Structure formats: C-alpha cells, structure tokens
Amino acid sequence: MRFLVYCCLFLFLFNCEDTNSKKNNTTKPPVEKSTENKSKTDTNKAPVKDEREFPVLTDDNAMEFFLHYEKENKENKIRMTTSKGIIEILLFNETKFHRANFIFLTKQNYFTNTQFYRVVKNFIIQGGSTDDEDIAQRRVKIGKYLLPTDQNRGFTHERGVISMPSSEIENPHKLASPYEFFIVQAPHGAHHLDGSYTIFGKVTRGMDVVDAISEVETDNREWPLQNVYIEKVEIIN
C-alpha cells in the first residue's frame, strides 16, 4: 500500500515539472534588431565645400585676374606635343595678358587632347578647340570670357608667329577667343592680318611640324579628315 502511494506521488510531481518546463520554453517569433542608429549620419559635420584656387572667369573679372596672375607667373616658354611632333614656342612679354592667359590655360591642362581643327595650307594652322564634350566642360569650369586685342607692339604676322583669333561672337573690337590660337604657316607671312589680331609669341623649334600639319587633307570646312591632336602643352621655362 505504501509503495502505491509513493508511485502516485512521483507521477504527480513529474507531471507538474513537465508542465512548467513547457511554459518556460514556449518559442517566440524572431525580433529584427533596429538598424536605425547605424544608418544615421552625423548631422553635426560641416558640409564639404568645393574649393577652387581660381575664380570662374568672366568678362567682368578676367582682365583684373590676369593683371595679378602675370606678375606671379613669369614663364614664357612652352613645349607643345602634337600627334605630328613637337613645337616649341616663346611667348612675348610685351603682350602680358595674352601670355598670362596661355600660361594659365597650360597650368590648368586645358589644351590636353584639343586639336588643330582648322588647317589652311600656305596660310595658318589653328588649334585649341575640338568637338569633344569633355573640352567644352573644361571651358565651363574655367569660365567664359574674351580678351581685348593688343596689336601695337611692333609684331607682324610673319611666318611662325602665334596669334589669337577673334571670337565667333560678332564684336566690333575683334575681342579674342582666349582658348584658341593660330600659327602662321605661309612662307611669306600673312600680313593682311596685321592690326586685327594679337600676336603673342613665335615658334622657336618645330616649324617642320607646323608644315607637316598644314599638309593634312581637310574637308570643305578646313577641318582635317584625320584628327591632329595636341597631346599636351607643358612649360619649359
């Protein structure tokens, strides 16, 4: 009889313990950990400013800019590497704004991969532009401005001089397009241009390259059928 009582008591205690265990181990659905704090950015950080060394140039500030720039940047010898060979040029100190402009554009790497886009045999080769969108974006970044002509320095359009063409925009003073230039290739010069365009340098080495460029075949717009690239322009002194 005593044995029967112990068995009943044991079964009762076992059932109670099993019930409590099931209650404590009830499976709960997974809870997604919040990532809100991880994705937040630090709003206390100051915004990054797009700093640039030079202002965007315009007709209103370009002359004042180059007035100061030419005093601190006295270089006047450049080497132009083209797909036809090397041309070295001396820039004249007398035409200080145009010299400073060319040095400035050289230091901004503007001329890299521009082209000699107009070639007229026995006259000129003209460079500094292209139909490449990347070059257009470089101009936007540097600025839109024109330079006044400076023809009263005693220079004439003899063979080998580098001069600045007037802008495509009609203007009575033939204001110069600062991004472009032409080199006189004509054996006897192009003196009918005297007094209208600014001569700001001359070729000191590489007229054979100028002549080679003048020989390329062009379309009816005087654009070379095979692109003639200005691969780079660098300052040598």
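These questions and answers walk through the predicted model of one protein chain.

Trainee: How many helices and strands does the chain have?
Mentor: The model is a predicted one. Along the sequence, the pattern is α-α-α-β-β-α-β-β-α-β-β-β-α-β. The secondary structure comes to six helices and eight strands.

Trainee: Which residue of β8 stands opposite Thr 114?
Mentor: Begin with the strands. β3 and β8 pair in the antiparallel sense, over two bridges. Opposite Thr 114 stands Ile 230.

Trainee: Where does Val 120 find its opposite residue in β4?
Mentor: Five bridges link β3 and β4, again antiparallel. The two strands form a hairpin with three residues between them, where Asn 122 takes a positive phi near 65 degrees. Val 120 stands opposite Ile 124.

Trainee: Is β3 largely enclosed or open?
Mentor: Count the buried residues; buried means under 20% relative accessible area. Six of the seven residues of β3 are buried, so the rest of the structure leaves β3 largely enclosed.

Trainee: What stands opposite Gln 126 in β6?
Mentor: Strand β4 covers residues 124-129, and strand β6 covers residues 181-184. They run antiparallel and are joined by four bridges. The residue opposite Gln 126 is Phe 182.

Trainee: Which element gives the largest share of the largest nonpolar core?
Mentor: That core has 42 residues. Those with the most contacts inside it include Phe 66, Met 80, Phe 102 and Phe 104. The largest share is six residues, and it comes from α4.

Trainee: How many residues does the second core have?
Mentor: The second core is separate. Among its members are Ile 124, Val 161, Phe 182 and Val 184. Its residue count is 12.

Trainee: Which residues does Phe 104 contact, leaving aside its neighbours within four places in sequence?
Mentor: Phe 104 is among the residues with the most contacts inside the largest core. With those neighbours left aside, its contacts are Phe 54, Leu 57, Phe 65, Phe 66, Tyr 69 and Ile 142.

Trainee: Which helix do the buried residues of α3 pack against?
Mentor: The buried residues of α3 are Ala 62, Phe 65, Phe 66, Tyr 69 and Glu 70. They cover an arc of only 125 degrees around the axis, which puts them on the same side of α3. On the other side, Glu 64, Lys 71 and Glu 72 are exposed. The buried residues pack against α4.

Trainee: Is Leu 67 buried, partly exposed or exposed?
Mentor: Leu 67 sits in helix α3. Beyond its neighbours within four places in sequence, Leu 67 is in contact with Lys 96 and Phe 97. At a relative accessible area of 31%, Leu 67 is partly exposed.

Trainee: Which strands do the buried residues of α6 pack against?
Mentor: Met 207, Val 209, Val 210, Ile 213 and Ser 214 are the buried residues of α6. Their arc is only 155 degrees around the axis, which puts them on the same side of α6. The strands they pack against are β1, β2, β3, β4, β6 and β7.

Trainee: What is the C-alpha separation of Phe 155 and Gly 201?
Mentor: Phe 155 lies in the loop between α5 and β5. Its relative accessibility is 25%, so Phe 155 counts as partly exposed. Phe 155 and Gly 201 are 46 residues apart along the chain. Their C-alpha atoms are separated by 9.3 Å.

Trainee: What share of the chain is buried?
Mentor: The chain exposes about 15300 Å², and carbon and sulfur atoms supply 50% of that area. The chain has 237 residues, and the buried share is 39%.

Key: Residues numbered from 1 in each chain as written. Predicted model: local features only at pLDDT ≥ 70, side-chain atom pairs only at ≥ 80, totals over all residues. Heavy atoms only, no water. Pairing = 2+ DSSP bridges. Buried < 20%, exposed > 50% of the residue type's maximum accessible area, 1.4 Å probe, protein only. Core = buried A, V, L, I, M, F, W, Y, C linked by side-chain atoms within 4.5 Å. Contact = heavy atoms within 4.5 Å. Arc of directions from axis to C-beta. Areas by Shrake-Rupley, 256 points an atom, 1.4 Å probe, with all protein chains shown as cover.
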